[in-house]
Amino acid sequence: MDLNTKDGIEQSPQAIFLKDYSPPAYFIDEIKLEFDLAAGKTIVSNNMQVRRNETSDSTTELILDGQLMELISIDIDGNTLTPADYAVSDENLTIANLPESFNLQIVTEIHPDKNTALEGLYASSSMLCTQCEAQGFRRITYFLDRPDVMSRYQVKLIADKKTYPVLLSNGNLIESGDMDNRRHYALWQDPSLKPSYLFALVAGDLAHIEDHFTTMSGRDVMLRLYTEAENIHKCTHAMDSLKQSMLWDEQTYGREYDLDIYMIVAVNDFNMGAMENKGLNIFNASCVLASPETATDDDYYRIQSIIGHEYFHNWSGNRVTCRDWFQLSLKEGFTVFRDQEFSSDLNSRAVQRIDDVDVLRIHQFAEDSSPMAHPVRPDHFIEISNFYTVTVYNKGAEVVRMLNNLVGREGFRKATDLYFSRHDGQAVTCDDFVAAIEEANNINLDQFKNWYSQAGTPTLKINTHYDSDKQSYTLTVTQSTAPTPGQNDKAPFHIPLAIGLLDNEGNDMSLGTDTTKVLGLTEAKQDFVFDNIKQSPVLSVLRGFSAPVKIDMPRGEDELAFLLAHDSDPFNRWDAGQSLALQELLRQIKAHQNNEPLPEPHALTEALSRAMADTDIDKALLSRILSLPGESYLADQCEQVHVEAIYHARLFTRRHIATSLKDQFANLYEQQTSSAEYDFNQTDMARRALKNTCLSYLVETELDEYFTLCFDQFNLADNMTEVQAALNILSNYDVPYRKQALELFYNKWSADQQVIEKWLAIQARSRLPDTLTNIKKLMQHESFSMTNPNKVRALLATFCRANPIRFHNQDGSGYEFFTEQVITLDKLNPQITARLIQAIARWQRYAEPNQTMMKTQLEKIISVDGLSKDSYEVVEKSLAG
């Protein structure tokens, strides 16, 4: 553990609480930074204009944040301080007896090439780059490293011109030139106020593509995307996505870009997906680089979404930022909602909604029922990096979506205009965001704010009654939320519940002025009565997934099949199919646990056959309807997780569907075959998705002709979408084609880092019994590096989080391997380690012997000397859960 020592006694890392927030004692209005850059040693000169906050006491000390650097000198108003004038600890620099305002200059030395945590300034391949969110700036220089201290930055970068010919930072370039000894410099100035977490610099030998965008007011903005020269041909899609994002934000929110240049840099070593640093976005290379032969449709889609997300942060995060890190969802939840809507407008809204909800149900609902459960606005943390979660991001987006739906599109636009104009250049709170919506729409949202303060997923128990004499239909809804850590009792949420009613022909009934009605559920139990209903209807509930809740409502197979065939709401049509599959799978899981024959899923198979025969159905929607709920989602529907029962039930169902509908799958596969050149568009993406889904079922029959068909697709396809799908399928079968395909793939793409990450992940996901043995070999392979987060995620995280049957092997080998890697990785990169540990955070949900084995590994991890705060927090909460 990363232990603090006080009076000789070791103490566990201490939590920070929202209730203890206080404004900064000092403000830093201007900062001038000078970097003498080199990978082995960088000298940082930090010149700050500091003034005391008028509300603080005149005796208040200045306590600056700082870690892992060597202090060279401190000057105040030109006077050099001696060590007697200040105090330095592992976390802080403290200076007392200060005037009301003063100039503070601090010179430090840092070592980027030794920074494996990838926070602050670090080396990635041959370049230097930064990652300062949330608390990385304190690894660069001493500063008030908190988001409510907003400053204007001027940055001078000095470096060897041959090694680092490109020197970038935030804002606008105002001067550059050559210096002695083959060195050069660049001077950047950002006119906007920003917190330290948005600071960025990049130095390296980089190529770039350039484009321009004309804003709605007629300003010309230069757009540049930087990467290593060998990848420059893979930047076009990202640039197109950037221009689409800028136009969409102008048209949808009236938000215009404010600097003269917008830059994106792709780096290979990055803890996150991307970072919205003002004017200089730094991206994980996997979230930027794409070409048809190296990137899948999913990659193209994700790049478009993430480019949009980081650009939208220019207003929802940069111009208006969060007061403290407890308010993280203020910028992230809002911006995820914005990027989801952007993707919906550019592609299929129905499929985007399904995919967003799938992430929420699989990952966020699980987090809500785990020891790491926390509200959208957490009330405490030990290490803030552990709270970059699906709750803060994705559930936070659902909270914003509910607000949007409550006030309508026009009301929401009116509210965001008020929010941006009122708080431009400020650091604010979630309450400030909600207040703008209340004021702009004359609405009270006091109860709604429970979504920000209460953890957990509400469950809605629904009962219905039709009175044929009165021709009335009554919907009784009861909401409840299970206890979560530190919150045993929950107040009722304000839940917008969208419903529709179908007649016996599958047509929507009129509900006033529309066929979908949004009910406002505000009480623990509430009745909703519908009059003039001529026949007993079929309820379509939670249309469009109008709130992040679970539905408890008994449904028969016939009713679910009816909704799958007829519901006009695409999300609910898909959800009916998932619910039907879930019923069949839960019966099979129970049968497997009782050592009984598994019942054949006839109702599900017939329903899927009818869906495949529907010539009007959207192909992307059909592909998702045909996909069964995953093992992780199935585990969450079980009172206790029996990994083998879930695995065998799902495999049995897939094989039954594949065998029963083999001819339909074969015909549908053939219909999706096209000789057209690859293009990233909605129609072709849907066709490829359906083609690959059909292929996966055909190979599940284990007939030789379909193994050959799969290998042929692998060899002949001209795009990575179809090549990777075929390789994914073959990786699960012990057939000669599998080894041949893996070797061919590696030999072709060994020099492409992003493609090799796919190769590693495919093998980590394989359901074959020797997967763990193969992973151990791959860790010694030249393509793998423990210091590269993408490689760790591809191989280790994929195995631990996406391959339950092999990771949770009852011999405990997966857990022992996991602990060995966690202990090694924690010394290199605590952020990535903490996320990996969450693979066993819900150990109490599992049946024996898995439960005890996982607990043993957690106890082993927490006993390690020098364990990071990041990992300690996750393990401690997991054991206490």
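# Briefing: loops, a helix pair and a sheet

N595 sits in the loop that links α9 (570-593) to α10 (602-613). The model is predicted.

**Positive phi outside glycine**

- N595 is not a glycine, yet its phi is positive, near 55 degrees.
- N595 has a relative accessible area of 73%. Exposed means over 50%, so N595 counts as exposed.
- E702 also has a positive phi, near 60 degrees, and is a residue other than glycine.
- E702 belongs to the loop between α15 (682-700) and α16 (704-716).
- The relative accessibility of E702 is 39%. That value lies between the 20% and 50% limits, so E702 is partly exposed.

**Cis peptide bonds**

- E133 and A134 are joined by a cis peptide bond, with omega near 5 degrees.
- A134 falls in the loop between β13 (127-131) and β14 (151-160).
- Another cis bond runs from E848 to P849, and its omega is about 5 degrees.
- P849 is placed in the loop between α24 (830-837) and α25 (850-862).

**Helix α4 against helix α9**

- Helix α4 covers residues 349-368. Its axis and that of α9 come within 9 Å.
- The two axes cross at roughly 50 degrees. Angles under 35 degrees count as roughly parallel and 65 to 115 as roughly perpendicular, so α4 and α9 are oblique to each other.
- The crossing of α4 past α9 is right-handed.
- On the α4 side, the contact is made by A350, I354, V357, D358 and R361.
- On the α9 side, P570, F571, W574 and D575 take part.
- The contact residues comprise 6 nonpolar and 3 charged, with no polar ones.

**An open sheet and the helix across it**

- The sheet is open and has 5 strands, in the order β19-β20-β21-β23-β22.
- Its pairing is mixed.
- β19 (207-214) and β22 (274-275) are the edge strands, and each pairs on one side only.
- Strands of a sheet pair through backbone hydrogen bonds, either parallel or antiparallel.
- β22 pairs with β23 (residues 280-284) in the antiparallel sense, over 2 bridges.
- M275 stands opposite I282, a residue of β23.

**A buried loop residue**

- N386 is located in the loop between β25 (380-381) and α5 (390-423).
- N386 has 4% relative accessibility. Buried means under 20%, so N386 counts as buried.
- Leaving aside neighbours within four places in sequence, N386 is in contact with M372, A834, K869, D870, E873 and V874.

Terms used
Residues are numbered from 1 along each chain as its sequence is written. This is a predicted model: local features need pLDDT of at least 70, side-chain atom pairs count only at pLDDT 80 or more; totals for chains, interfaces and linings use all residues. Side-chain values use heavy atoms; hydrogens and water are left out. Helices (H or I, at least four residues) and strands (E, at least two) are DSSP runs, numbered from the N terminus. Buried means under 20% relative accessible area, exposed over 50%, partly exposed in between (1.4 Å probe, protein chains only). Axes are lines fitted to C-alpha atoms, for helices over the stretch in contact, and angles run from 0 to 180 degrees between N-to-C directions. Angles under 35 degrees count as roughly parallel, over 145 as roughly antiparallel, 65 to 115 as roughly perpendicular and the rest as oblique. A crossing is left-handed if the near helix is turned anticlockwise from the far one by less than a right angle, and right-handed if clockwise. Contact means heavy atoms within 4.5 Å. Ala, Val, Leu, Ile, Met, Phe, Trp, Tyr, Cys and Pro count as nonpolar, Asp, Glu, Lys and Arg as charged, and the others, Gly among them, as polar. Two strands pair if DSSP finds at least two bridges between them.
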